[in-house]
Amino acid sequence: MMNKIKKIQSNYPRLVFEAANLGVKRGGRHVFGGISLALTNRTLLYLHGANGTGKSTLLRTLSGRLGPATGNISLQIDTEDAILNDNLMVLDHLNGLKNTFTLLEHCNYFVRIINGTPPEPQKVMHSLEVLKLHHLATQPIKYFSSGQRRRAALLKFLLIDRPIWLMDEPTVGVDAENRKTLAMMLEQHIKKGGAAIVATHDDIGLKGEILSLDHYTPKQKDMGYWS
Amino acid sequence: MHIFANPARFVRLANKILPWAIGVLALCLPYGLYLAIVASPPDYQQGDSVRIMYIHVPSAWMAMFTYMVMASASLAAIVWRHPLALIAGKAAAPIGATFTALALITGALWGKPMWGTYWVWDGRLTSVLILFFLYLGYMAIWQAMDDEETAGRAASILALVGVVNLPIIKFSVDWWNTLHQPASVIRLDGPTIHADLLGPLLWMAVAMKAYFIIVFLWRMKLEINKRKLAVLQMSVVNAHG
Amino acid sequence: MTNISVSSVFWSLIKRDIKLAWSQGGAAGMTLGFFLIAVTLFPLGIGPEASTLARIGPGTIWVISLLACLLSLDRLFQADFEDGSLDDLAFSPLSLELIVTAKAIAHWIATILPVILISPLLAALLNMPNLGYKMLILSLLIGTPALSFVGSIGAALTVALRRGGVLLTLLVLPLYIPTLIFGVGAVEAAISLTDPFPHLALTGAVSMISLIISPLASAAAIRLALE
Amino acid sequence: MADFFAMGGHGTFIWLSYGIVFLALIIIAIMSFIELRSLEAKLNKLKRNNKRSSKTTDTPENNSTGKV
């Protein structure tokens with residue numbers, strides 16, 4: 001059943017997120033070369049490709065953590081340059097949860113530190129309801145099941161509004177129920193004018209562009225500095 | 001920095017320098033030894049044991065000099081992200097650590113005849129001992145991390161932090177030494193270095209610098225080959241898909 | 001982005017870390033226990049004879065508090081790195097330099113302050129002359145921030161290593177020597193009725209320098225680990 | 001000659017320190033040199049295999065790993 005979601009008023013401003021001719025070297029090895037992509041509002045991009053073709057590395061580069069060897073990444077919001085680090089949120093295999101905190105404490109600290117503003121209670125409650133965690137609000141996280149932990153990890157996308165979502169295989173170890181919630185969250189985000197890049201193998205039930213990393217593996221000859 | 005842009009050019013340059021360095025070593029070392037052991041007069045106070053100074057002081061100088069080489073290589077590695085600068089630190093560290101250990105050993109062997117004990121908590125000896133720990137920490141980081149690139153950059157950060165702290169450590173140890181000053185009879189290098197003591201000291205110092213250049217360049221070529229080998233092995237592995 | 005008060009984010013990060021340090025699995029309680037036991041070992045080793053204990057009192061207290069600080073440092077960043085929180089923290093409006101500063105301050109308040117508060121108790125155990133108590137606390141208060149800050153560099157460098165604890169000790173102990181020498185010097189000066197002020201001034205100077213250098217080095221090392 | 005070695009009674013310390021210094025320096029130099037030579041040998045062997053295997057598999061055009 002689709003639980004009731006209040007009409008979300010605020011839409012995201014116009015954004016252009018571009019990466020030109022990205023090439024990354026990791027551990028002395030060229031992972032991929034020459035990838036270009038451009039993302040604007042209301043776009044969902046799937047990353048396909050066999051394991052080891054660098055899906056996670058590409059996401060890490062796009063999130064600004066890993067400097068690309070070649071090419072560059074740029075983000076414009078309302079046509080002027082914006083700081084990448086303030087406008088995107090990343091989900092990877094780790095959940096970012098502290099066992100000793102209760103769920104509410106986790107949300108409280110998360111919003112204060114990452115968003116810089118004190119949390120609005122009704123927004124927190126709304127996010128918990130969307131992810132069906134509201135009955136666990138005051139429970140310490142160390143008693144959560146892995147499914148509940150995975151849903152709690154998705155909280156970070158609802159607690160603060162960031163236009164660009166990067167997700168690295170969000171459906172791994174997730175049951176059908178959570179998969180539907182994830183699809184609904186992504187749909188809401190895209191409808192609000194956000195953008196998302198999801199690296200995944202299986203189908204989430206949302207249509208989007210597909211970028212396959214298989215044909216970006218580095219050419220055999222160019223083995224970098226020491227060749 | 002771009003003159004060493006690629007490893008092949010660096011290796012060619014190293015091969016040009018090596019024969020000259022070996023030549024300088026072959027000239028200075030025997031002459032330096034001759035001066036140190038045979039020609040120079042024994043000291044009026046310490047007698048012949050002053051001859052240990054002719055290798056103790058140059059080793060301590062080389063220990064400091066090598067750390068400076070490592071620190072500047074680390075700075076280049078962090079500022080320009082230059083792969084050769086990264087491995088320059090790794091190539092120089094073992095040589096520097098050896099010189100530091102030798103400075104400590106010869107210091108102790110010199111202390112025995114002069115002060116009657118092997119180890120004296122003299123300000124200089126203590127700071128050389130701490131410098132030895134800084135070398136150990138630097139080399140330990142290279143070993144501890146599996147990815148060469150991150151290990152190099154982490155070690156460079158440590159070397160820079162170390163070089164900033166070195167004067168502070170040196171000052172605090174000397175200050176500490178004067179605070180607890182045991183009645184040390186003779187200061188290590190005496191009020192002023194007597195003129196004819198200076199001769200052998202400088203020749204030995206030049207010989208040790210030439211030695212450093214030789215082994216440093218060997219170790220640089222060795223590290224370059226190690227990376228080339230790694231890349232080739234990786235390509236063989238990738239080729240099989 | 002509305003102008004977020006960086007200081008409120010800074011303080012909430014410190015509060016979060018203090019709460020974590022004192023919660024289950026935090027290092028603060030253990031460090032205090034270590035400090036108590038380690039100092040009591042000295043009379044057992046060196047003998048109960050009062051005059052020798054009085055002679056080694058200040059030095060022992062300083063060395064053991066230094067080791068206690070080291071003991072609690074290797075989990076400073078590693079705990080967050082392993083569960084993914086460090087990645088999220090890096091999305092905060094605070095620059096990485098401010099984040100490592102906040103964590104070092106939180107470590108100092110949560111772990112070192114209790115050690116300082118009970119150090120007079122242990123000084124009594126070591127039969128320290130009464131003249132030295134006030135100066136012991138003062139020198140510890142001025143000197144130990146340098147231990148937390150320089151230690152944070154070692155913690156950041158070894159964050160990605162499984163058994164980084166021993167390496168951390170090797171990296172950081174040589175850098176602790178100035179603080180140790182000047183700190184103990186201040187206490188011994190107070191005991192021997194000479195003017196302790198120059199020693200305190202030098203201890204403070206070392207702390208100031210490490211306050212400036214350490215965040216830069218730690219942030220660089222964390223960026224390396226987040227790659 | 002004997003007093004030359006006696007060095008005014010400090011002989012043992014002087015010769016010991018000179019001995020240790022040169023022993024250590026020679027060991028470091030030789031170890032580095034040997035490792036350098038062995039790596040060069042390994043490198044050449046691997047390159048020869050690469051060239052031989054790449055000649056037999058694909059067209060004998062000169063691939064870049066040949067010349068370094």
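Because the model is predicted, local features need pLDDT of at least 70 and side-chain atom pairs count only at pLDDT 80 or more, while totals for chains, interfaces and linings use all residues. Residues are numbered from 1 along each chain as its sequence is written, and chains are lettered from A and ligands numbered from 1 in the order in which they are written.

Two strands are said to pair if DSSP finds at least two bridges between them. Strand β1 (residues 15-26) of chain A pairs with strand β4 (residues 70-77) of chain A in the antiparallel sense, over seven bridges; within this pairing, A:Glu18 has A:Ser74 of β4(A) as its bridge partner. Strand β1(A) is also joined to strand β2 (residues 29-40) of chain A by eight bridges, again antiparallel, and here A:Val16 is bridged to A:Thr40 of β2(A).

Chain A also holds an open sheet of five strands in the order β6-β7-β8-β3-β9, with parallel pairing. Strands β6 (88-91) and β9 (209-212) of chain A stand at the edges with a single partner strand each, so one side of each lacks a neighbour in the sheet. From one strand to the next, the twist averages 15 degrees.

Two helices lie across strands of chain A. Helix α6 (residues 176-191) of chain A lies across β3, β7 and β8 of chain A, at about 145 degrees to β8(A). Axes are lines fitted to C-alpha atoms, for helices over the stretch in contact, and angles run from 0 to 180 degrees between N-to-C directions.

In chain C, helix α2 (residues 28-46) packs with helix α3 (residues 50-71) at an angle of about 150 degrees, their axes being 9 Å apart. The helices α2(C) and α3(C) are therefore roughly antiparallel, a term for angles over 145 degrees. Residues are in contact if their C-beta atoms, placed from the backbone, lie within 7 Å. The contact includes C:Phe34, C:Phe35 and C:Phe42 of α2(C) and C:Leu53, C:Ile56 and C:Ile64 of α3(C). Its residues divide into 14 nonpolar, four polar and no charged; Ala, Val, Leu, Ile, Met, Phe, Trp, Tyr, Cys and Pro count as nonpolar, Asp, Glu, Lys and Arg as charged, and the others, Gly among them, as polar.

Among the five pairs of chains that touch, chains B and D have the most contacts. Their contact takes 26 residues from chain D and 30 residues from chain B. Chain D comprises two helices and zero strands. Chain C and chain D do not touch, and their nearest C-alpha atoms are 24 Å apart.

Most residues other than glycine have a negative phi. A:Arg42, in the loop between β2 and β3 of chain A, has a positive phi of about 55 degrees. C:Asn127, in the loop between α6 (96-125) and α7 (131-157) of chain C, likewise has a positive phi, near 55 degrees.

Definitions and conventions:
Helices (H or I, at least four residues) and strands (E, at least two) are DSSP runs, numbered from the N terminus. Angles under 35 degrees count as roughly parallel, over 145 as roughly antiparallel, 65 to 115 as roughly perpendicular and the rest as oblique.
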